[in-house]
Amino acid sequence: MSADSLGYARTVADAVLYEGYLLYPYRASSAKNQSRWQFGVLGPVGAMESGHGEDATLESQFLLHAPVLADATVTVHLRFLQLQRRAAQRCGRTGEFEFVPELIVGEQRWLSWDEAREREITVGPWRLEQLGDPRCVALHVPAGEDIDEIRDDGGALAGRLVRTRRELRGELQVHMTSIGDVLRLSVSIANVANVADISAVSDRETAISASFIGAHLLVSLEHAEALSMTDPPDANAARECKQHRCWPVLAGPPGDNSLMLVSPIILYDHPEIAEQSAGALFDSTEIDEILTLRVMTLTDAEKAAARATDPMAAQIIDRCDAMSAQDMQQLHGILRDPHAIESVVDASSGFDDSDFGSTDFGGAVPWWDPSADESVSPGTDEVLIGGIAVSAGSMVTVHPSRRADAQDLFFAGRVAKVAGVHFDVDGETHVAVVLIDDPAADLHEWYGRYLYFAPDELAPHVPVQSDNREESRS
């Protein structure tokens, strides 16, 4: 594994680390920023049972292949955030300090707020052949305190920011076993801070201060190759692997299988940050352009409140304020032609075919031409399912199978009415339906708010015929 591969993986791991750290509009007064923290929180022992924190453990098992076991090594990088409480204190006339919810000095403001300190602990390398017996390593992150003095324009001491961190204690365990022709690596992290060690977990604030936040693992291999758990070459061996509060994915650049990211967020193999993204917005699923535009619409007072909340929030505000029109255009994305047609000539441009390549479409209307829509009619088009023509008004039974959306499981076996049959530019067919037992079915149909399924996820619905006969009355 190269240093470049590890650096590549860290860019994605950073997004996992700060997922949900602070959400738009990035102000402490925002309701959604009153309840923190994000994914991958490992609470102290007893916190989950008391209802004041989260599970203390995270565990993953994944497969790997080592051509020469004696040469293969593994290194584990544990990455997480340690809570850091920032207390704003004002300096009195006699030099004493008093706690204040907000410290204002000139035009600058600081709120008392919970920040986080980024941590990474590297353990190893170990030789894989030595991991037949579990290796257990004690982890210790010391408590700490930092003080930043705040002075006014005249240089007089006006206040200070006191940042305090509680001690963290954990345990990392690594174990290797064989499953047929492949190896199974088990890696687990546990928060071992006991309730008694932190003066009893009686509230969420105490629990989170003793937690590993956003915890995840980067597991790097030398002379060995990790196998995909999303698309495993040996499905039976993969089924024997257990995951607890995480999912392992190949994390290096495509083609490099020397890194595994054990993430509390389910990702795909070889994930990457879009090159158009100008910086973190603390939400890996965000549409950067939309969030950036919304930040730009904040009032000066709202931006000041966000800057006072957290240094990272201040960076977001400053970055968005400094963006140029070219930067915004970069966020707008890239238009990719799914049919790889070379170009289209604008007759008014003054260029001819020799400038852009062929524009002969063989008499067919290009997919982007508005007149192409005239060849389809979702309300009357039909598709054959099981030899039966299905079109708008047909009744079907839903059997979701294609998408990895847990919500689809709620639709399995339910009867729906077809609202239309649609064909996309890639030649795929999508059937729009409305569930007939949905209390809001009429409203969804009126708004055009449909569920879409592929034809092979549907079956024509045949109503059950009743043989009950009405009894004659004398």
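Reader: How many cavities of 30 Å³ or more does a search of the whole structure find?

Author: In this predicted model, the search of the whole structure finds 1 cavity of 30 Å³ or more.

Reader: What makes this space a cavity?

Author: A cavity is a set of points where a 1.4 Å probe fits but cannot get out. The largest cavity has a volume of about 30 Å³, and its lining includes Ala278, Gly279, Asp288, Arg319 and Met323.

Reader: How is the lining of the largest cavity divided by class?

Author: The lining has 5 nonpolar, 2 polar and 2 charged residues. Gly279 lines the cavity, and Gly counts as polar, whereas Asp and Arg count as charged; therefore Asp288 and Arg319 of this lining belong to the charged class.

Reader: What is the volume of the second largest pocket, and why is it called a pocket?

Author: About 420 Å³ of space lies in the second largest pocket, and the name applies because a pocket is an open set of points with protein on both sides within 12 Å along at least five of seven lines.

Reader: Which residues lie nearest the centre of the second largest pocket, and which element gives the most to its lining?

Author: Of the 18 lining residues, Gln34, Arg36, Trp37, Asp114 and Glu205 lie nearest the centre. While β6 (113-127) and α3 (204-209) each supply at least two residues of that lining, α3 gives the most, with 4 residues. By class, the lining of this second largest pocket divides into 5 nonpolar, 7 polar and 6 charged residues.

Note on methods:
Residues numbered from 1 in each chain as written. Predicted model: local features only at pLDDT ≥ 70, side-chain atom pairs only at ≥ 80, totals over all residues. Heavy atoms only, no water. 1 Å grid on protein atoms, 1.4 Å probe; cavity = no way out; pocket = protein on both sides within 12 Å on 5 of 7 lines; lining within 4 Å. Points joined across faces, edges and corners; volume = space filled by probe spheres on them.
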